[in-house]
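Reader: I would like a close look at one part of this model. Take me through a helix pair and its contact, then follow the residues that lead out from there.

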Amino acid sequence: MILSKAEIARVQIEKAVYLYVIEKDYVCAITLAGAAEELLGSIIKEQGGKSVIGDVYEEFIEEYNKFSMFSYEINNIRNELKHSHKNPSLDYEINIGEDDCAIMLYRALANYAKAVGEPTLKMTACWTLLKRWHEEIFPNSKYPIL
């Protein structure tokens, strides 16, 4: 099977959407959406653009004087699920919430739109659901949409 990176990202994001909305499997949804978000973000950066986390970093530049510190913090759950580099113990427990999953989906969907252009119908439907559920998922957020 030969797939373009755009197609790989589409498959990953659409499966992550299914896992989030239908199965409520936040672990797998975060992992797949995170893989697509990272793949697309690298491509956007290589082409001279800014990924979604690059855009968001500008909002937090006073709080984080280095992008690497910001990136480390916002990617902590994704990296623990993928690499377990920070806590390499089978007994280590991770608190994974719907908000973690929603943020990763927002990031993957936005990077897809930046890198590829037109989102699929499933992606658009997910974005609509995330917007509708935003206040419930993020009750204390000062941002209407991330």
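Author: Start with the crossing. Helix α6 passes α7 in a left-handed crossing. This is a predicted model. The α6 helix covers residues 98-115, and α7 covers residues 121-137. Their axes come within 11 Å. The crossing angle is roughly 140°.

Now the residues that make the contact. From α6 come Glu 98, Asp 99, Ala 102, Leu 105, Tyr 106, Leu 109 and Tyr 112. From α7 come Met 123, Cys 126, Trp 127, Leu 130, Lys 131, Trp 133, His 134 and Ile 137. By class, the residues of this contact divide into 11 nonpolar, 1 polar and 3 charged.

One of the α7 contact residues is Cys 126. That raises the matter of cysteine pairing. A disulfide is a covalent bond between the sulfur atoms of two cysteines. The cut-off is a sulfur pair within 2.5 Å. Take Cys 101. The closest cysteine sulfur to its own is in Cys 126, 8.3 Å away, so the gap is too far for a bond. Cys 101 is buried, with a relative accessible area of 0%. Next, Cys 28. Its closest cysteine sulfur is in Cys 101, at 10.0 Å, which is again too far for a bond. Cys 28 is partly exposed, at 36% relative accessible area. The count for the model is 0 disulfides.

Met 123 is another α7 residue in the helix contact. Setting aside neighbours within four places in sequence, Glu 14 is in contact with Thr 120, Lys 122 and Met 123. Glu 14 itself is found in helix α1, residues 5-23. Glu 14 counts as buried, at 13% relative accessibility. The side chain of Glu 14 also makes a polar contact with the side chain of Arg 10, at 2.6 Å.

Glu 59 is placed in the loop between α3 (52-57) and α4 (67-74). Glu 59 is exposed, with a relative accessible area of 57%, whereas Glu 14 is buried. For a sense of distance, pair Glu 59 with Tyr 92. These two are 33 residues apart in sequence. In space, their C-alpha atoms are 32 Å apart.

Conventions. Residues are numbered from 1 along each chain as its sequence is written. This is a predicted model: local features need pLDDT of at least 70, side-chain atom pairs count only at pLDDT 80 or more; totals for chains, interfaces and linings use all residues. Side-chain values use heavy atoms; hydrogens and water are left out. Buried means under 20% relative accessible area, exposed over 50%, partly exposed in between (1.4 Å probe, protein chains only). Axes are lines fitted to C-alpha atoms, for helices over the stretch in contact, and angles run from 0 to 180 degrees between N-to-C directions. Helices (H or I, at least four residues) and strands (E, at least two) are DSSP runs, numbered from the N terminus. A crossing is left-handed if the near helix is turned anticlockwise from the far one by less than a right angle, and right-handed if clockwise. Contact means heavy atoms within 4.5 Å. Ala, Val, Leu, Ile, Met, Phe, Trp, Tyr, Cys and Pro count as nonpolar, Asp, Glu, Lys and Arg as charged, and the others, Gly among them, as polar. A polar contact is a pair of N or O atoms within 3.5 Å; within protein, one must be able to donate a hydrogen and the other to accept it, and residues adjacent in sequence count only if both atoms are side-chain atoms.
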